[in-house]
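Work through the exercises below with the sequence and the coordinates at hand. Each task is followed by a solution in steps.

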Amino acid sequence: QVQVVESGGGLVQPGGSLRLSCAASGSIVSIYAMGWYRQAPGKQRELVADITSGGTTTYADSVKGRFTISRANAKNTVYLQMNSLKPEDTAVYYCKTTRRGTPGYDYWGQGTQVTVAS
C-alpha cells in the first residue's frame with residue numbers, strides 16, 4: 001500500500017516563507033517523479049513544481065524565482081521552499097508521486113493548507 005503524506009502548511013504573511021515536506025512510502029518499485037500541485041477555491045488543480053528522479057525540475061511560471069523544489073537524502077522525500085509568498089499562493093497543496101510504467105501511475109497525498117494573508 002502506497003502512501004503520500006504532506007506537511008508544513010500553515011498561515012503566513014505576504015512576503016513570508018514556508019517549507020512543505022512530502023514523503024512517499026510503501027511498495028514503490030521505481031519513482032519517475034514527485035511534484036507539488038495546488039488547488040485554490042473555485043479553481044482547478046494546477047502544477048506548482050516537480051522533480052524527476054534524475055533531478056530535473058519544472059516550475060509554473062507564477063512561482064519561478066520564488067519557489068524551490070528539492071529532493072532529500074532520504075528516498076522518496078521532497079521539499080517545496082516557498083519564499084516571497086503572495087495572497088494568490090493561497091491554496092491546498094498536494095504532493096504527487098509518479099511511478100514508472102507504461103503508462104505511469106500517480107499517487108496523491110491528502111493535501112496541506114497554505115494561507116497567505118495579513
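**Exercise 1. Classify Asp61 as buried or exposed, and find its salt-bridge partner.**

Step 1. Apply the accessibility classes: buried is under 20% relative accessible area, exposed is over 50%, and partly exposed is in between (1.4 Å probe, protein chains only). Asp61 has a relative accessible area of 64%, so Asp61 is exposed.

Step 2. Apply the salt-bridge rule, a side-chain nitrogen of Lys or Arg within 4 Å of a carboxyl oxygen of Asp or Glu. The partner of Asp61 is Lys64, with 3.0 Å between the closest N and O atoms.

Step 3. Note the basis of these values. The model is predicted, so to speak of local features requires pLDDT of at least 70 and side-chain atom pairs count only at pLDDT 80 or more, while totals for chains, interfaces and linings use all residues. Residues are numbered from 1 along each chain as its sequence is written, and side-chain values use heavy atoms, with hydrogens and water left out.

**Exercise 2. State how many salt bridges there are, and trace the network that contains Asp89.**

Step 1. The count is five salt bridges.

Step 2. Asp89 forms a salt bridge with Arg66, with the closest N and O atoms 2.8 Å apart. This pair links distant parts of the chain, 23 residues apart: Asp89 is in the loop between strand E8 (77-82) and E9, and Arg66 is in the loop between strand E6 (57-59) and E7. Strands here are DSSP runs (E, at least two residues), numbered from the N terminus.

Step 3. Asp89 is buried, at a relative accessible area of 0%. Arg66 is buried as well, at 10%.

Step 4. Salt bridges with shared partners join Arg38, Glu46, Arg66 and Asp89 into one network. Within it, the side chains of Arg38 and Glu46 meet at 3.0 Å, N to O. Arg38 counts as buried at 6% relative accessibility, whereas Glu46 counts as partly exposed at 30%.

**Exercise 3. Find the disulfide, and say which strands it joins and why it is left-handed.**

Step 1. Search for cysteine sulfur atoms within 2.5 Å of each other, the criterion for a disulfide. The count is one. Cys22 is joined to Cys95, with S to S at 1.9 Å.

Step 2. Cys22 lies in strand E3 and Cys95 in strand E9 (residues 91-99), so the pair ties together parts that are 73 residues apart in sequence.

Step 3. The torsion about the S-S bond is about -85 degrees, so the disulfide is left-handed.

Step 4. Both ends are classed by accessibility: Cys22 is buried at 1%, and Cys95 is buried at 0%.

**Exercise 4. Give the strand order of the open four-stranded sheet, and identify its edges.**

Step 1. Two strands pair if DSSP finds at least two bridges between them. The order is E1-E3-E8-E7, with antiparallel pairing.

Step 2. Strand E1 (3-7) and strand E7 (67-71) each have a single partner strand, so one side of each lacks a neighbour in the sheet.

Step 3. E1 pairs with strand E3 (residues 18-25) over five bridges in the antiparallel sense. Val5 stands opposite Ala23 in E3.

**Exercise 5. Describe the surroundings of Ser7.**

Step 1. Ser7 is in strand E1 and counts as partly exposed at 38% relative accessibility.

Step 2. With contact taken as heavy atoms within 4.5 Å, and leaving out residues up to four places away in sequence, Ser7 touches Arg19, Leu20, Ser21 and Thr112.
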